[in-house]
Amino acid sequence: MNFSPEHNVLNQTNNQNADSSGSPLDDLDFDKIKQVFVKNVIWMLLILLLINASTVLYVRYTKPIYSSESILKLDIKSEAGILGIQNPMDQDIKGLSGEIEILKSRLFASQVVNAVGMDVSYFRPGRSHLSDERYGNSPFQVLYNELSPELLDRRIYIEFVGDNHFYLSLDHDQTEGRPKYKFGEMISHRLGKLTIQKTSNFASQKNLVEFYFIINSEDALINYFQKNIVVEPINFNANTIKIALSDPNKYKAKSLLQAIDTIYLNFTKAAKNLAVEQKISFLDRQMKKTQVELEQYEDYFEKFTIQNRTTDLSRDLNNTIQLLNQLDSQRFKIRNQITAIELASEQLEEGTPISPVDMPKEIMQLLVDYNKLKNERMLKLESYNENTQVIQRLNQRLEISQNSAKFRLTSYLDNLISTQKELAEKRKFLESNFAELPSMGTSYNKNRRLHSLQEEFYFSLIHSKIELEIAKAGTVTNFVILSPASMPNEPIKPKKLIIYGAGAIISLVICFLFGAIAYISDDKISNSRELEKHLMAPLLGVVPKYRAEKLPTTRLVVSNNPKSSMSEALRSIRTNMEFMSSGNGRKIISITSTVSGEGKTFITVNLAAIFAYSGLKVVVIDLDMRKPKVHLAFGKQETSKGVSTILIGKNTVDECLNTTEVEDLHYISAGPTPPNPSELLLGKRYDEFISELKEKFDIIMLDTPPVGLVTDGILVMKKSDLPLYVVRANYSKRSYLKSVHGLIRNNKFHNMSVIFNSASNKGTYGYGYGSGGTSGYYEETVKSKKRSFFRKK
C-alpha cells in the first residue's frame, strides 16, 4: 500500500499558531514555563536567599539614625514704622523661604558650631564596624592647643591602663612601642599639645578600656550640620516651620536641636540686620567718595575765580566785545590822525599851505602860524624884493616855524604809530581771550551742574542712611517655639519593615526577570505544544524520554520494554501511519533530522521493531554513510560491506543483509565510507537497490543523514513514500524547524510528518501517549533509579 501524497489525517491548520483572536495568555507556554522554573529553581532560591540575607545584614550592621524635631513660629516685625519710616528690608524679613535658607546656610551652621563646643567627639568601638558616640558621658576630656592640621578629623585611639594611665596612638593596630601617659599631664607631640583629663563618668566606664576621639575641624562640623539638618515649612500663612536634626545618638540630636532653637533667636536678628548694615556701610563709602568729589569741584571753582578774576563769563564776554569795539574805534581814529600828519608833513615839505585837521591844538597852532608866515611872505613879496631884509627875516621866521612844525609832526606821528601798535596787541590779546571764553564757559557750567548733582546725591545718601539706621534700631523678632526639641524613641532609618519588604519585592522581581530571561533565551523546543505552535507540518506522534537505563549509544530497546510508555508511543505512531495509508503497497519510510543527536536512528530502529512485531517484514537501511549508527543499535560491529558496496556493485543485497534479535527485522549497514555519498544516491543503482528491497520486504526504513548538515537526506526523501522528521525535546532549537519548512516550501514535501522525540511525560500531551495517563498505565520493565532533586533533569 502507498501513502497518499495528499494525506491530511492531522490537518496542518492545527499546526499553525493559535487564533489571533484568542487571549494573550494563549501565546504563553505554561508547560515550558514550569520546566524553566524547575530547571532554574536552585538559582531562584539562591537569589531570594542572597537578597533577603543582604537586607538582614544591612539592617543588622547599619547604624540607626534618630531624628529630633521642633516646630517654630516666626514673626519678624519692624518697629521703625512707628516713626513713619518704611523699612526697606520689610519684604525680605517677612519671607518664610528666606528664614529656611538662613537655617540651612553655612553661615548659621558656623554660628552653631562656635556656640555648642563640639570640637572633640568621643567614641567607643562597637560591634563590627559600628561605634557608639559618647556624647555628654565620655569618661575623659581632651584639652588641646597649637594643633597641626594633620591631627584634625582623624581618629586618635586611647587605651586605659589602670586608673591613672593610658596609651595613646594614631594607629588602632599599633600595640608595641606606644607611649604611656598620665591623666592630667601635658602631652607634647610634633602635631600639637594635648591634655587628657578624667571626667565624672570615668569610674563607671574604665573597664571598657578602649576608646577613640576625633578633634573636629570647623569645616567638618559645618558639613555635619548642613548634612543632618532638615528645615521644612508647615504653614506659610502661619509662618511655622519644622526643624529636624538626625544623628546616631538620640541624646545628641535633641541637645543640638535645642541649641539651634536658642541660637536662632539672636542669629535671626543679626541676619535680618546684616543686609541693612551692609547698605549703611555702602552708603558710608559712597558719602566719602561723593564728599571728595565735591571738594575737588570746589577747588576747581576757587582756582577758576583766581585765574580769571570772575565768576560771570557771560558778562566778561560782553565786556570783551565792547572793548574790541572801542579798540577798533581808537585804531580807526589813529589811522585818520596818521594820515593827516603824513599829509601835513608832505605839504610842509612842498611848502604849500597846510590844512590842519584832527590834530592836537599845539600842532594845529604851529601849522596856523606857519600858514600865516607863509601868507605874510607872499604878501611882502608883492611889495619887496626877495633880497630885502624884511623878506630875509620872514624867511628865517618861516624856516624856524617849518622846522618846529616838522619836529612836532614827527614826534606826534611816532606817538600815534606806537599807540597803534599797542592797540593792535591789546586787540590780539582780547581776541584770544574772546575765543577761549565760550569753551571756558561750557566747562565751568558743566562742572557747576555736576557739582549740583553731587550735592543732591550726597544729601540723598545722608537721608537713606538715616532711614536705614532707624530701621535697624527698630527691628525685633517675635520667636515662638510651638513644639520644643523632642526625644526620639524610634530610629528614622533603617526602616526594618520597609527594607525587608523592599528586599522581598526586589528578590521576587529579580527572580521573575531571571525566569523571564531564561524563558525567552531558551530557544530549545521542550514540549509538543511549543512544537505544534511553530510547526507547519503535521505532528505524527510524541515519543517519551527513555529513562529505564542510560544508553551510551543508540540501541534497540522496545524488545526489552514492550509495555513501556515509549513502546506504546511508537505503536501509536505506527497506527497513525496506517491511517495515513491509502493502499496495501510496499512502504518506503525515510527518517531524518536537522543535526546529529536528535534520535533519528533510535526512532528508526525501534519503530522498525514495532512494525516487525505486527507481522510485517521490515528492513532498516543505514544511508548515513558518513556517520553510520544502525549496526550499533543492534549491538553489531561494522562490516566491510553494506550500502556503499551495494551501490558500487561490489556486493549484492543478500550478501549485506543482516538479521536481528527481532523476527522479521533485518538491517543493512552503511558499509565503508565512500568519497561521494551524494553521487551514489543519485545513481541508477540506488533505484534498483530500492526496487529489490521492495520485492523482499513490506516496510523499508531509511536512516538518512541530517538534512541540516548534508543534502543526502533530501535525495532519499524524494524517492520515499513517507518522509519523517525527528525533533528532540530540549535539544532541537526552534531555528531547526526552518529546515522542515524549507523542505515543504522548496522541495514540495507536503506529505512530511514530524515525530517529537525524548519528550517529558509530565504535563505533556500529544500523539502517542496522553497527558500523563499513558505513562502511568504502562510500566517499564527496568525500573529507573530515583533521581535526586538536585540532579539535572
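This is a predicted model: local features need pLDDT of at least 70, side-chain atom pairs count only at pLDDT 80 or more; totals for chains, interfaces and linings use all residues.

Student: How many helices and strands does the protein have?

Tutor: Helices (H or I, at least four residues) and strands (E, at least two) are DSSP runs, numbered from the N terminus. The protein has 22 helices and 21 strands. Of its 793 residues, 42% count as buried; buried means under 20% relative accessible area, exposed over 50% and partly exposed in between, with a 1.4 Å probe and protein chains only. A contact means heavy atoms within 4.5 Å. Among the contacts with a separation of 6 or more, 78% are between residues 24 or more positions apart.

Student: How should I read a sheet, and in what order do the eight strands of the open sheet stand?

Tutor: Strands of a sheet pair through backbone hydrogen bonds, either parallel or antiparallel. Two strands are counted as paired if DSSP finds at least two bridges between them. Here eight strands form an open sheet in the order β14-β21-β20-β15-β19-β16-β18-β17, with mixed pairing. The edges are β14 (539-544) and β17 (658-659), each with a single partner strand, so one side of each is left without a neighbour in the sheet.

Student: Which strand pairs in the parallel sense with β15 over four bridges?

Tutor: The partner is β20 (residues 722-728), paired with β15 (residues 587-592). In this pair, Thr592 stands opposite Tyr725 of β20.

Student: Which way do the residues of β16 point?

Tutor: In a regular strand the side chains alternate between the two faces of the sheet. In β16, Val618, Val620 and Asp622 point one way, and Val619 and Ile621 the other way. Strand β16 is mostly covered, five of its five residues being buried. Its pairing with β18 is parallel, over four bridges, and Ile621 stands opposite Ile668 in β18. Five bridges join β16 to β19, also in the parallel sense, and here Val620 stands opposite Met701.

Student: What is a nonpolar core, and which residues have the most contacts inside the largest one?

Tutor: In soluble globular proteins, nonpolar side chains tend to be buried together. A nonpolar core is a set of buried Ala, Val, Leu, Ile, Met, Phe, Trp, Tyr and Cys residues joined through side-chain atoms within 4.5 Å. The largest one has 35 residues, and those with the most contacts inside it are Met577, Leu665, Met701 and Leu724. Helix α14 (residues 600-613) supplies the largest share of this core, nine residues. Apart from it lies another core, of 28 residues, including Leu96, Ile241, Leu257 and Phe267.

Student: Which residues does Met701 touch?

Tutor: Leaving aside residues up to four places away in sequence, Met701 touches Ile589, Ile591, Thr604, Leu607, Ala608, Val618, Val619, Val620 and Ile621.

Student: How are packed helices described, and at what angle do α13 and α14 cross?

Tutor: Two packed helices are described by the angle between their axes and the distance between the axes. Axes are lines fitted to C-alpha atoms, for helices over the stretch in contact, and angles run from 0 to 180 degrees between N-to-C directions. The axes of α13 (residues 565-579) and α14 come within 9 Å and cross at roughly 75°. That makes α13 roughly perpendicular to α14, a term for angles of 65 to 115 degrees. Among the residues making the contact are Leu570 and Met577 of α13 and Phe602 and Leu607 of α14.

Student: Where do Pro494, Asp664 and Asn730 lie?

Tutor: Pro494 is in the loop between β13 (475-483) and α11 (496-521), and a cis peptide bond with omega of about 0° joins Lys493 to Pro494. Asp664 is in the loop between β17 and β18 and, although not a glycine, has a positive phi of about 70°. Asn730 lies in the loop between β20 and α21 (737-746); this residue is not a glycine either, and its phi is positive, about 60°. Asp664 is partly exposed, with a relative accessible area of 25%, and Asn730 is also partly exposed, at 34%.

Terms used
Residues are numbered from 1 along each chain as its sequence is written. Side-chain values use heavy atoms; hydrogens and water are left out. Angles under 35 degrees count as roughly parallel, over 145 as roughly antiparallel, 65 to 115 as roughly perpendicular and the rest as oblique.
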